[in-house]
Amino acid sequence: MKQKLFDKFAELFGNSDGVNFYFSPGRVNLIGEHTDYNGGHVFPCALTLGTYGAARKREDRKIHFYSMNLDSFGVVEASLDDLTNKKEYNWANYPLGVVWAFAEKGHPISSGFDMVIWGNIPNGSGLSSSASLEVLTGVILSDLFDIKDLSMTDLALIGQYSENNFNGCNCGIMDQFAVAMGKKDHAIFLDTATLDYEYAPCVLDGA
């Protein structure tokens with residue numbers, strides 16, 4: 001997958017020199033449907049399905065997003081000087097919302113970047129493709145722009161903030177938290193009111 005992303009990146013943006021590779025999982029909730037936005041307990045786990053990304057900083061203020069799953073949209077171009085939700089951005093409003101949320105939370109991005117993604121989470125399947133993309137974007141921004149003081153929990157909260165306030169979906173924290181804090185062969189017992197959590201072994205052969 002890495003090579004496919006790098007090849008597409010080079011095709012779109014001239015070369016793949018200095019490009020970094022990233023992955024963010026999806027999630028499934030085992031117990032506790034519809035309790036996360038009411039401050040209840042949930043029991044999700046991360047999946048091997050997820051979202052892959054390749055990204056590189058730019059020298060200007062332009063941001064380019066491209067999805068290999070939604071190639072009919074082509075390269076979506078936005079600007080750091082106009083971080084607003086636009087209908088024509090379609091799916092790219094999710095990663096753009098994270099850029100906006102970084103600025104809102106005191107971490108404005110200093111220059112643009114190019115980003116190519118591919119995911120194997122079926123859209124609309126309830127496996128949190130949007131949260132996976134949001135956390136992926138948070139990790140990319142933290143890495144590309146050397147932002148050291150944001151924890152994975154912080155990135156989950158930024159992802160939720162962007163989805164609530166930039167994309168208008170009043171989701172709870174479970175999706176982004178499970179994506180950001182997922183651990184191999186474990187589920188997460190999470191109190192969504194306090195963000196207290198503990199890992200519980202969850203080994204599912206063949207899954």
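**View 1. Glutamate 11, an exposed residue of the predicted model, and its salt-bridge partner.** Glutamate 11 has a relative accessible area of 57% and is exposed. Its side chain meets that of lysine 8 in a salt bridge, with 3.2 Å from N to O. Lysine 8, in contrast, is buried, at a relative accessible area of 18%. The two residues lie three apart in helix H1 (residues 2-13), which means that about one helical turn separates glutamate 11 from lysine 8.

**View 2. A network of salt bridges links Arg58, Asp60 and Asp114.** The side chain of arginine 58 meets that of aspartate 60 at 2.8 Å, N to O. A salt bridge also joins the side chains of arginine 58 and aspartate 114, at 3.1 Å, N to O. This second pair links distant parts of the chain, 56 residues apart: aspartate 114 belongs to strand E5 (residues 113-119), and arginine 58 to the loop between strand E2 (41-57) and strand E3 (62-67). Both aspartate 114 and arginine 58 are buried, whereas aspartate 60 is partly exposed, with 29% relative accessibility. By the rule applied here, the count for the model is seven salt bridges.

**View 3. Helices H3 and H4 cross in a right-handed manner.** The axes of H3 (residues 129-144) and H4 (residues 152-165) come within 9 Å and cross at roughly 125 degrees. The two helices are therefore oblique to each other. In the contact, Ser130, Glu134, Val135, Gly138, Val139 and Ser142 of H3 meet Met152, Leu155, Gly159, Ser162 and Glu163 of H4. By class, this contact has four nonpolar, five polar and two charged residues.

Notes
Residues are numbered from 1 along each chain as its sequence is written. This is a predicted model: local features need pLDDT of at least 70, side-chain atom pairs count only at pLDDT 80 or more; totals for chains, interfaces and linings use all residues. Side-chain values use heavy atoms; hydrogens and water are left out. Axes are lines fitted to C-alpha atoms, for helices over the stretch in contact, and angles run from 0 to 180 degrees between N-to-C directions. Helices (H or I, at least four residues) and strands (E, at least two) are DSSP runs, numbered from the N terminus. Angles under 35 degrees count as roughly parallel, over 145 as roughly antiparallel, 65 to 115 as roughly perpendicular and the rest as oblique. A crossing is left-handed if the near helix is turned anticlockwise from the far one by less than a right angle, and right-handed if clockwise. Contact means heavy atoms within 4.5 Å. Ala, Val, Leu, Ile, Met, Phe, Trp, Tyr, Cys and Pro count as nonpolar, Asp, Glu, Lys and Arg as charged, and the others, Gly among them, as polar. A salt bridge is a side-chain nitrogen of Lys or Arg within 4 Å of a carboxyl oxygen of Asp or Glu. Buried means under 20% relative accessible area, exposed over 50%, partly exposed in between (1.4 Å probe, protein chains only).
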